[in-house]
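Hi everyone, thanks for coming.

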Amino acid sequence: MHSTLSFSQATTVPTTNYAFHSQSPINLRFCGLRREAFGISILTRSSSGRVRLSTRGRSNRISASTGNNGTPPKSFDYDLIIIGAGVGGHGAALHAVEKGLKTAIIEGDVVGGTCVNRGCVPSKALLAVSGRMRELQSEHHMKALGLQVSAAGYDRQGVADHANNLASKIRSNLTNSMKALGVDILTGFGTIVGPQKVKYGKVGFTDNVVTAKDIIIATGSVPFVPKGIEVDGKTVITSDHALKLEFVPDWIAIVGSGYIGLEFSDVYTALGSEVTFIEALDQLMPGFDPEISKLAQRITPARDGKPVIIELTDAKTKEHKVTLEVDAALIATGRAPFTYGLGLENINVVTQRGFVPVDERMQVIDANGNLVPHLYCIGDANGKMMLAHAASAQGILVVEQVTGRDHVLNHLSVPAACFTHPEISMVGLTEPQAREKAEKEGFEISVAKTSFKANTKALAENEGEGLAKLIYRPDNGEILGVHIFGLHAADLIHEASNAVALGTRIQDIKFAVHAHPTLSEVLDELFKSAKVKAPASTSSPISEPVAAEYRGTSFPSLAIDIDRATKVGEEIFHVNHGCAYSILAAVSLFVK
């Protein structure tokens with residue numbers, strides 16, 4: 001049986017590999033997990049000055065809070081209740097316990113939410129496979145490195161198991177990390193029944209009612225499917241189904257060329273599929289900087305070649321334009337907030353296109369425009385920035401608020417990344433957005449660029465294809481936006497995003513030292529190429545270093561900060577003199 005999908009379009013279908021439709025561009029979904037999710041050990045310092053190594057399995061040593069998770073006010077069951085145990089809820093819960101709040105988290109599905117179970121975590125496992133397959137399949141790339149590799153193949157079920165196993169591991173780590181800290185995990189669907197009151201429970205069972213001084217909504221999102229499209233989970237699928245990798249179609253149409261569509265295109269083409277993008281706007285990759293989009297399109301795999309029939313019609317004239325018959329269609333048209341059934345009507349809150357309205361401090365706004373006391377919403381459910389790590393940052397923001405410290409997140413400092421091969425990353429404004437802002441506010445902007453072809457490490461990897469772009473104010477050195485397309489772009493962007501978050505100006509960051517040869521020098525050259533009129537700051541918080549000496553040998557390259565040595569270094573030496581001397585002795589032999 002054939003499935004028929006109908007799409008409208010505003011422009012004529014061009015004679016390229018890409019067709020067009022009229023749906024909305026893709027929203028962003030990425031993952032940012034706290035280190036506790038991976039079971040990483042944590043160093044803490046006790047009042048006696050001793051350094052203690054803690055693991056996620058020992059609740060009384062992981063956090064400043066004790067295992068009983070704080071003492072709640074007598075009038076409430078908890079200090080904080082979080083509805084939704086995704087990445088945002090998890091980040092908020094851990095920070096709340098650190099602040100001494102008695103915390104509960106309600107989850108009606110599985111811990112980890114979309115990101116861990118049906119989103120960024122399993123998709124990165126698939127992309128890891130596609131990256132290796134793509135490299136092994138590139139005879140030119142292998143030959144340039146002097147390598148000879150026989151035909152590369154893959155086991156579909158093995159690839160699917162890799163993604164599923166990773167999701168299971170991270171989900172287990174998230175659950176264990178919260179349990180170890182004493183967070184109460186309440187199973188069921190949470191509904192707000194009144195001020196500071198939530199009920200939860202499973203279908204067919206009696207509901208439980210709990211109270212809390214403060215409540216955070218962190219229910220996330222679900223795949224958005226346009227009206228008229230029937231998803232059967234077999235040939236017409238969403239990202240939820242695609243992550244299971246139950247089959248690899250010969251030819252698949254991907255509706256939407258945002259982050260989700262691009263990443264699945266990378267996976268499918270590496271595994272042998274032909275891909276056709278269907279996009280509404282007049283360019284692929286809407287939301288990306290146009291220059292980065294054009295560069296990426298030269299490399300992004302997509303080819304025209306069937307039991308799914310896609311009919312494209314003109315949105316204005318309704319005239320039929322073209323029909324595609326493909327093996328499968330992936331609907332990657334973004335995500336919609338999952339806020340139905342939250343009981344918002346009980347507190348006079350009306351959603352806007354499904355999103356919960358909030359202010360800059362994530363406090364919920366009711367239908368009359370008033371702030372709802374003690375109620376907050378973070379992550380995809382509020383629509384401010386549909387990124388998992390943004391949700392976590394917003395959750396931390398809320399905890400800071402409820403514990404008496406005013407904190408506002410600068411969303412322009414939150415980085416985003418697309419894990420194609422090569423990767424794409426960004427922070428801040430695109431060039432068109434920056435020019436619009438400059439014209440409105442009356443200042444000039446400049447653009448600096450640098451190529452990966454000038455980077456030694458990239459050339460050593462035979463990965464010279466790439467570009468880094470800086471958009472800035474030449475009058476004061478403010479960073480307005482940074483966009484990177486190239487090897488490990490998703491890792492490189494954080495130097496720029498941290499600079500934006502901290503308000504660091506280009507004239508100061510130019511003095512930062514980067515190890516050679518590393519990919520980080522791409523950004524080093526980018527910042528150094530900027531022409532800023534303002535001078536560098538005259539003061540620096542860094543103490544003047546001095547040369548270290550040991551056994552008569554001077555090590556000018558091993559400078560020790562005097563202030564830091566008295567506060568930290570001395571303590572470390574006291575913990576283990578033998579270890580410290582062993583390390584220095586080894587260095588001495590190396591230098592000689």
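Let's start with a simple one: where is the place of Ala104? Ala104 sits in strand β5. Before we go on, please keep in mind that this is a predicted model.

Is Ala104 buried or exposed? Its relative accessible area is 0%, and buried means under 20%, so Ala104 is buried. Now look at who surrounds it. Setting aside neighbours within four places in sequence, Ala104 is in contact with Tyr78, Leu80, Ile81, Ile82, Val183, Asp184 and Leu186.

Next, let's visit helix α2, residues 87–98. With twelve residues at 1.5 Å a residue, α2 should span 16 Å, and its end C-alpha atoms are 17 Å apart, which agrees. How many of the twelve residues of α2 are buried? Eleven of them are, so to speak, tucked away, and α2 is mostly covered. Among the buried ones are Val87, His90, Leu94, His95 and Val97, and several glycines and alanines are there too, including Gly88, Gly89, Ala92 and Ala93.

What covers those buried residues of α2? The cover includes the strands β4 (78–83), β5 (103–107) and β9 (208–217). It also includes the helices α3 (113–118), α6 (156–181) and α10 (388–402). After α2 comes Gly100, which has a positive phi, near 85 degrees.

Now for the cysteines. How many disulfides does the count come to? The count is one, and the disulfide is formed by Cys115 and Cys120, with their sulfur atoms 2.2 Å apart. The torsion about their S-S bond is about -135 degrees, so this disulfide is left-handed. Both partners are hidden: Cys115 is buried at 2% relative accessibility, and Cys120 is buried at 5%. Two further cysteines to click on are Cys377, buried at 0%, and Cys418, also buried at 0%.

One last stop: Thr238. You'll find Thr238 in the loop between β11 (236–237) and α7 (239–242). Is Thr238 buried or exposed? With a relative accessible area of 5%, Thr238 is buried. Not counting residues up to four places away in sequence, Thr238 touches Pro223, Val225, Val231, Leu330 and Ile331.

How values were computed:
Residues numbered from 1 in each chain as written. Predicted model: local features only at pLDDT ≥ 70, side-chain atom pairs only at ≥ 80, totals over all residues. Heavy atoms only, no water. Disulfide = S-S within 2.5 Å. Buried < 20%, exposed > 50% of the residue type's maximum accessible area, 1.4 Å probe, protein only. Helix = DSSP H or I, 4+ residues; strand = E, 2+ residues; numbered from the N terminus. Contact = heavy atoms within 4.5 Å. Expected span 1.5 Å × (residues − 1).
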